[in-house]
Amino acid sequence: MNIYEEDILDHYENPSNYGTLECPDISYEEDNPLCGDQIRMDLKVEDGIITDLRFSGHGCTISQAAASMLTEEIKGRRLDDVKKLSKDDILEMLGIPLGPVRLKCGLLALKVLKAGAYGLKGWPGDDDEETE
Amino acid sequence: MCAQPMNDLLNTCDVETIRNDFSILKQENDLPLIYLDSAATSQTPDCVIEAMEAYYRTYNSNIHRGIYRISEEATAKYEEARQRIGRFINARRSSQIIFTRNTTESINLVAYSWGSENLREGDEILVTVMEHHSNLLPWQLLSQRTGAKLRFIEITDEGVLQLDNLEELLTERTKIVAMTHVSNVLGTINPIQELTAAAHAVGAKVLIDGAQSVPHFDVDVQELDCDFLAFSGHKMCGPTGIGVLYGKSDLLEEMSPFLGGGSMIRAVQRESSTYADVPAKFEAGTPAIAEAIGLAAAVDYLDRVGLEAIFVHEQELLEYAHQKLVEIEGITIYGPKPRQKTGAITFNLEGIHPHDLAGVLDTVGVAVRAGHHCAQPLMQKFGIIATVRASFYLYNKLEEIDTLHEGLLKAQRMLTRRRR
């Protein structure tokens, strides 16, 4: 499967929820030092519900499309739900398999979101795997 | 087996005969493999794989220990490999060839063993802005350990070393100059011989990072007069896991060991030990035996093809690549023109992330490197985060550059439409 599916290119060219918020309750920004991709997430949270959010930044198609898709997915949902989102959820949204390098591009937005909301600093799905 | 008499084969442009020696280039997936990432790691000819296979199939045993036939054979082959590689870079003695894991380990060995004993606060280490992180981090760490100061030779916008202020940078405070022979990003060939002479004139030692030069043209350590030369097997048709440190004998002899363990000792008591002579002093533990033998086979192969022929062939590829790529609208090519460089062309297309360029190129079967190439200070100098690098070696064909060109146009069609 081609990683440059129309759907991904559409999100890259016309991203949803692109920009910044005036007075966000949560604002967090991070970059992927490997490729310089950068994403900032601004969130409005009322009664535990994400009422509005924007992302901004720059990077490759995968990082930007994943950010756009993620914002669509979580707008209106409970902030707690974000914690449960995994690597596989992002891959499902993108609908394509990613190699180890591009996986980081795909996961950057979720990483930023989790770090901003819960101070979780690691890469989603990057836990040391049990060898047994 | 690899084709036997191959002298000047490349001069007659018989790349197909050479490609025949590389099984990996013959594989049939959806698309033929167009491998333009040899600066990261080169492909391995079948004769190298066979040499390593022969070790494992017929005389696999530890070296310098066993009093039996196959161990003696393995020891002889391992030591022959040392001699063979010594001849390849024209070292005076084979004991000047120390086997390591790679260039990185070779440089770390010098920074620890030589650097820790010879540098102190007030001293200076001179490097260049175009170093691979492997020839920067060991010196940063050394600088933190000793208080010695790290100084940099800058580069021009054309990607060559800026040497007009060399007298100010290179002084009697300079204890070592560590510089790359060829930039892994730009392909720039640095004037190493002149810089080595200038360094020696102020009493500084010189370490050359030869990872990108030894595979591509004749490097003669006696002619260069460098004190240390580091390079990797896997960028010169050899296997991964084997690298080389060449050093001048007097320096190697006075240096302390880097790693302690088996093989590097003369006699061991409870509290202290005496060490083996060079090179064993620097080869603690069971080394990469098969890989050393493989590297010797790789060096044989490169000599059969001829380094001069390889250099000429790469120049042809570079000239053609420049000619084709410069036509593309919005392209920025970094670094000097062919003839002043070797092996690689590094570029960006306006408005397209290097990862996406590499991703689209992959869809047409072209393998290139995208990223900072382990040279972040160089990227910072150009005010960029990443580039795409296409790098060439003896097995690449002109037609492959046509596919690279087409792939870049495809990326442009796909990705520069109506972006915000």
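Okay, one definition before anything else: a crossing of two helices is called right-handed if the near helix is turned clockwise from the far one by less than a right angle, and left-handed if anticlockwise. Keep that in mind. And remember that what we're looking at is a predicted model.

So, chain B, two helix pairs.

Pair one is H12, residues 354-363, against H14, residues 398-415, both in chain B. Their axes sit 9 Å apart, and the angle is about 120°.

Who's touching whom? From H12(B) we have B:Asp356, B:Leu357, B:Val360 and B:Leu361, and they meet B:Leu404, B:Gly407, B:Leu408, B:Lys410, B:Ala411, B:Met414 and B:Leu415 of H14(B). Sort the contact of H12(B) with H14(B) by class and you get eight nonpolar residues, one polar and two charged.

Now pair two: H3, residues 69-88, with H10, residues 289-305, again in chain B. Here the axes are 9 Å apart and the angle is about 40°, so H3(B) and H10(B) are oblique to each other. The crossing of H3(B) past H10(B) is left-handed.

On the H3(B) side, the contact residues include B:Ala74, B:Lys77, B:Tyr78, B:Arg84 and B:Phe88. H10(B) brings in B:Ile289, B:Ala292 and B:Val299, among others. By class, the contact of H3(B) with H10(B) comes to eleven nonpolar residues, three charged and no polar ones.

That's the tour, folks.

Conventions
Residues are numbered from 1 along each chain as its sequence is written. Chains are lettered from A and ligands numbered from 1 in the order in which they are written. This is a predicted model: local features need pLDDT of at least 70, side-chain atom pairs count only at pLDDT 80 or more; totals for chains, interfaces and linings use all residues. Axes are lines fitted to C-alpha atoms, for helices over the stretch in contact, and angles run from 0 to 180 degrees between N-to-C directions. Helices (H or I, at least four residues) and strands (E, at least two) are DSSP runs, numbered from the N terminus. Two residues are in contact if their C-beta atoms, placed from the backbone, lie within 7 Å. Ala, Val, Leu, Ile, Met, Phe, Trp, Tyr, Cys and Pro count as nonpolar, Asp, Glu, Lys and Arg as charged, and the others, Gly among them, as polar. Angles under 35 degrees count as roughly parallel, over 145 as roughly antiparallel, 65 to 115 as roughly perpendicular and the rest as oblique.
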